[in-house]
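User: I am new to this structure and would like to learn how to read its features. Could you guide me through them in turn?

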Amino acid sequence: MRFGAVIFALGRGKLYLSHAPIIGGVRKTTIARMKVNTKSDASAPVKVGAKAATSLAGKANPKGKKVNKAWLHEHINDPYVKLAKREGYRARAAYKLKEMDETLGLIKPGDCVVDLGSTPGAWSQYVRRKLSPAGAAAGELKGRIIGLDMLPMEPIEGVVFIQGDFRELEVLQKLEQALVTDARAVAVDLVISDMAPNLSGIESADAARITDLVELAVEFAQKHMKPEGALVVKLFHGSGYDQLVKLFRATFKVVKPMKPKASRSNSSETFLVGRGLKRPD
Ligand SMILES: C[S@@+](CC[C@H](N)C(=O)[O-])C[C@H]1O[C@@H](n2cnc3c(N)ncnc32)[C@H](O)[C@@H]1O
């Protein structure tokens with residue numbers, strides 16, 4: 001447990017474990033929205049064709065940034081980008097979750113799934129299809145999906161979306177409310193977190209941000225997941241990695257590091273899957 005970032009507060013007559021960060025010992029109630037990594041491959045739009053590449057490369061995009069030619073070239077020729085476009089996924093990231101699910105059998109009909117860092121929505125789309133008896137993007141859905149992201153997300157039929165920063169207590173509370181059915185909190189079968197902070201290039205600062213998000217996801221899973229549930233998180237090799245593996249081993253009965261094929265080999269991005277909560281000592 002992260003003592004640096006965990007605070008206690010009294011709420012609804014209970015001792016409440018908050019995951020709002022403490023800055024200088026004072027609880028920060030409103031956190032300035034951090035810069036989000038819009039360059040990440042997972043959030044990059046899939047609607048880029050060869051024609052668009054020619055016209056975009058070297059030109060300023062609407063935000064005034066030059067489009068990186070090498071990235072664009074790699075992106076356009078990427079088989080997963082093409083596949084995502086063909087299969088109607090909003091991002092190639094869908095195939096990372098698909099491979100982990102097909103390897104480990106993570107998603108089952110009737111499941112309640114929480115998707116942290118869900119925008120643009122490819123993981124939620126994949127889960128939605130997986131929970132549909134016909135594998136469809138619309139219509140009957142056996143189960144429940146709640147997506148959460150600090151950025152807006154285009155609606156996905158059957159997916160409840162909460163916009164906000166997962167580090168904020170108010171946002172966590174909204175998520176907890178979304179889990180309540182018939183005045184009872186539904187326990188979650190699967191928590192998937194693809195949350196990624198905007199990397200600054202300063203290793204210690206980046207490691208701290210990633211560690212923070214992963215620890216909060218673990219804390220959420222401990223509180224809201226079924227004992228036999230699973231948590232999938234994205235993290236990065238480098239400083240902080242070993243510490244997070246240790247945390248996973250202390251929290252889950254089975255821990256599996258995964259590097260799906262769709263995760264670029266030149267990226268330090270990797271995933272950890274934890275299954276079955278260990279009982280607290
Ligand atoms: C790589 S993208 C996720 C892609 C998504 N899994 C998909 O399949 O479309 C990472 C997302 O994490 C979100 N994110 C990062 N930090 C967050 C935070 N503290 N709270 C909520 N969302 C966050 C970003 O806004 C971004 O949309």
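Predicted model: local features only at pLDDT ≥ 70, side-chain atom pairs only at ≥ 80, totals over all residues.

User: How many bridges join strand 6 to strand 7?

Analyst: Strand 6 (residues 144–149) and strand 7 run parallel and are joined by 5 bridges.

User: How does one describe the packing of two helices?

Analyst: Two packed helices are described by the angle between their axes and the distance between the axes. Here, helix 7 (residues 203–224) packs with helix 8 (residues 241–251) at an angle of about 5 degrees, and their axes are 11 Å apart. The angle makes helix 7 roughly parallel to helix 8, because angles under 35 degrees count as roughly parallel.

User: Which residues make this contact?

Analyst: Helix 7 contributes Thr 211, Val 214, Glu 215, Val 218 and Gln 222, while helix 8 contributes Gln 243, Leu 244, Leu 247 and Thr 251. By class, the contact has 4 nonpolar, 4 polar and 1 charged residues.

User: How should I read which way the residues of a helix point?

Analyst: An α-helix has 3.6 residues a turn, so residues three or four places apart point the same way. In helix 3 (residues 79–87), the residues Tyr 80, Val 81 and Ala 84 are buried. Seen down the axis of helix 3, these buried residues fall within an arc of 105 degrees, so they line one face of the helix. The face turned away from the buried side carries the exposed residues Pro 79 and Arg 86.

User: What covers the buried residues of helix 3?

Analyst: The cover includes helix 2 (69–76), helix 4 (94–104) and helix 5 (122–130). Helix 3 is followed by Gly 88, which has a positive phi near 80 degrees.

User: Which residues of helix 4 are buried?

Analyst: They are Ala 94, Tyr 95, Lys 96, Leu 97, Lys 98, Met 100 and Asp 101. These buried residues pack against helix 3, helix 5, strand 10, strand 11, strand 12 and strand 13. Gly 105, with a positive phi near 60 degrees, follows helix 4.

User: Is Pro 109 buried or exposed?

Analyst: Pro 109 counts as exposed, because it has 11 C-beta neighbours inside 10 Å. It lies in the loop between helix 4 and strand 5 (112–116). Not counting residues up to four places away in sequence, Pro 109 touches Leu 131, Lys 142 and Gly 143.

User: Where does Lys 259 lie?

Analyst: Lys 259 is in the loop between strand 12 and strand 13. With 16 other C-beta atoms within 10 Å, Lys 259 is partly exposed. Lys 259 and Glu 269 are 10 residues apart in sequence, and their C-alpha atoms are 7.8 Å apart in space.

Terms used: Residues numbered from 1 in each chain as written. Axes fitted to C-alpha atoms, helices over the stretch in contact; angles between N-to-C directions. Helix = DSSP H or I, 4+ residues; strand = E, 2+ residues; numbered from the N terminus. Parallel < 35°, antiparallel > 145°, perpendicular 65-115°, else oblique. Contact = placed C-beta atoms within 7 Å. Nonpolar A, V, L, I, M, F, W, Y, C, P; charged D, E, K, R; others polar. Buried ≥ 20, exposed ≤ 12 C-beta atoms within 10 Å, placed from the backbone. Arc of directions from axis to C-beta. Pairing = 2+ DSSP bridges.
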